[in-house]
Amino acid sequence: MSVTFPRRRFLATGGVASALTAGHILVGPALLDPTGALAAVRSHGGAPLPHGLFTLGVASGDPSPDGFVLWTRLAPRPLDGGGMPDRAVPVSWQVAADERFRQIRATGVAVARPERAHAVHVEVGGLRADREYFYRFRVGQENSPAGRSRTAPEHGAIKQRLRFAFASCHNWQDGYFTAYHHLAQEDLAFVAFLGDYIYESAPRTTTIRAHEGTDEPYTLVEYRNRHAQYKTDTALQAAHAAFPWIVTWDDHEVDNNWADEIPQDPDQQPREKFLARRAAAFQAYYEHMPLRRLAVPRGIDMRLYRRLGFGRLATVHVLDTRQYRSDQPATLAEAEDPARTLTGAEQESWLVKGMSHSGTRWNLLANQVMWASNDRKAGPEQVFDFDNWDGYRVQRRRMLEFFGSGRAANPVVLTGDRHATWVCDLTPDVDDQASPTVGAEITGTSISSGGDSDPVSFHRTFDPIMAESPHWKYIDNRRGYVVCDVSPTRLLAALRTVSSVWRPGDTTITTAARFQVEAGRPGVTVVDRLPSEREKPRVEKTSRRYQVDDDQF
Ligand SMILES: [Fe+2]
């Protein structure tokens, strides 16, 4: 899968191996080896390493004005525990200002350790703000592919434009990640990934391509193998290599619809068993993502909610609505329980303070499940998915009243999970038509989850509900991602849909619709849209298709 810059050989330059990083440490252009650990690793020796170490590609993430995180994992046998010897291995890395690696800006050596699955996280600092950089790794004579990253603008910088994409939900078994091939060709500052990076479901024989293993993952090695399988996808590798990613999780990185310490099926997974599973899933997640030290897991805890600034234009508030949430309610009355929380009290307070004091024109939420009320049934009866904010109604009302208080500039919620595009106005009281619009939510579709869609049946089901839901502005269920162009005056979001996730050759990408949020005017409007699939003549599909029920969202 090609990216817009060529892969090149790792050039021999001076200054390499000037420092050792203990798996994850902050470094800059000037490097030291204060612990002498590099010499210790070298003297350890051991059998020669297998070939083909960089099977999982490279990645960067969490850009700041002076740097970003670099990531790779050495895994010559990715589906079989990684295949590395049980010893630490030094990994050289370089960051350059040019794609030919002639202008080296930072360099060093990290240590890939067996207890971290030979993953490497390097926090590079000391770089220039708002610049493109290139990076690569080397072990012995073997070179990684090159990646491209970008630093964020200075905190006080007045930028006129920020362009990024958000994506979610790539189920290996539901389809190929064809959308990522196209996403890698976009012009973006970063990609925000909003959850469901892996799916924990057991392998099935009726799918487009099967999960590895024989069951759902429970142990650390099983989660590592599942993550590694996803990372072998060349389109996903290209998208990681092209831009820094800002990642968060939803449920399937651990267990469908899990809530804090409660699994989907508590009768099947006793508490202690689930907590061990959660800890294993967290560690494997960290090991495979370009995350900073803040996110290093400690047992069953991992700090994933965090904030990233992009000059005075935008702040991205990354949410974690799984780790601290109350269990899903069973009834609408339970959903109105004021004690119920989706974020936990601490994260809510962090979010309110952060949005109040961001000092940026836009407050963007990198969010998982839908905020906007999402009735699933036409007519007077209402049916909700209580895994969403519809199950946490008092906290939602409190947060949306805060959105409307004027204390947070231009809140826009960017959402995953739904496997469909759902563009909505946000109002504090969804049952009151007079409730004011206080923000906008753009729920992106999925990269592959749900497979090639059937827009005709989708619209047959949801158009009558849309007619009863005036806060819904646009719905669609084709696969793809959303590109956002942000300026001081407006956020313009383009829904980019891919022609197929079942037939990976020669796919095309289309802007299916564009949505706009104007600064100072809460709510979202549809700028333009292609004719709906339901208005086109029906084309019979010859590919197999299967149902994805709501429980798998
Ligand atoms: Fe999903």
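How many salt bridges does the structure hold? The count is 38. Keep in mind that this is a predicted model.

A word on the background. Side chains of opposite charge can pair when their charged atoms come close. I will go through a few examples.

Start with aspartate 62 and arginine 306, whose side chains form a salt bridge at 2.6 Å, N to O. Aspartate 62 is in strand β3, residues 58–64, and arginine 306 is in strand β14, residues 306–310, so this pair links distant parts of the chain, 244 residues apart. Both aspartate 62 and arginine 306 are buried.

Next, arginine 163 and aspartate 485 form a salt bridge, with 2.7 Å between the closest N and O atoms. Arginine 163 sits in strand β11 and aspartate 485 in strand β21, residues 480–486, so the pair ties together parts 322 residues apart in sequence. Arginine 163 counts as partly exposed because its relative accessibility is 21%. Aspartate 485, with a relative accessible area of 14%, is buried.

Arginine 209 lies in the loop between β12 and α3, and aspartate 233 in the loop between α3 and α4, so parts 24 residues apart in sequence are tied together. Arginine 209 counts as buried at 12% relative accessibility, and aspartate 233 counts as buried at 8%. There is also a network: Glu336, Asp390, Arg393, Arg396, Arg397 and Asp431 are joined by salt bridges that share partners.

Now the metal site. Which residues are the protein donors of the iron ion? They are Cys169 through SG, Asp196 through OD, Tyr199 through OH and His419 through NE2, at 2.0 to 2.5 Å from the iron ion. Why is the arrangement irregular? The four donor atoms subtend angles of 86 to 169° around the iron ion, and that makes it irregular. Along the chain, the donors follow the spacing C-x26-D-x2-Y-x219-H. Cysteine 169 and aspartate 196 are both buried.

One more residue: aspartate 476, in strand β20, residues 472–476. Is aspartate 476 buried or exposed? It is buried, because its relative accessible area is 2%. Its side chain reaches the backbone nitrogen of arginine 478 at 2.8 Å. Beyond its neighbours within four places in sequence, aspartate 476 contacts Ala420, Thr421, Phe458, His459 and Leu495.

That is what I have for today.

Definitions and conventions:
Residues numbered from 1 in each chain as written. Predicted model: local features only at pLDDT ≥ 70, side-chain atom pairs only at ≥ 80, totals over all residues. Heavy atoms only, no water. Donors = N, O, S within 2.8 Å, 3.2 Å for Na, K, Ca; no water. Tetrahedral: all angles 85-135°; square planar, octahedral: opposite > 155°, others 65-115°. Buried < 20%, exposed > 50% of the residue type's maximum accessible area, 1.4 Å probe, protein only. Helix = DSSP H or I, 4+ residues; strand = E, 2+ residues; numbered from the N terminus. Polar contact = N/O pair within 3.5 Å; in protein donor to acceptor, adjacent residues only side chain to side chain. Contact = heavy atoms within 4.5 Å. Salt bridge = Lys/Arg side-chain N within 4 Å of Asp/Glu carboxyl O.
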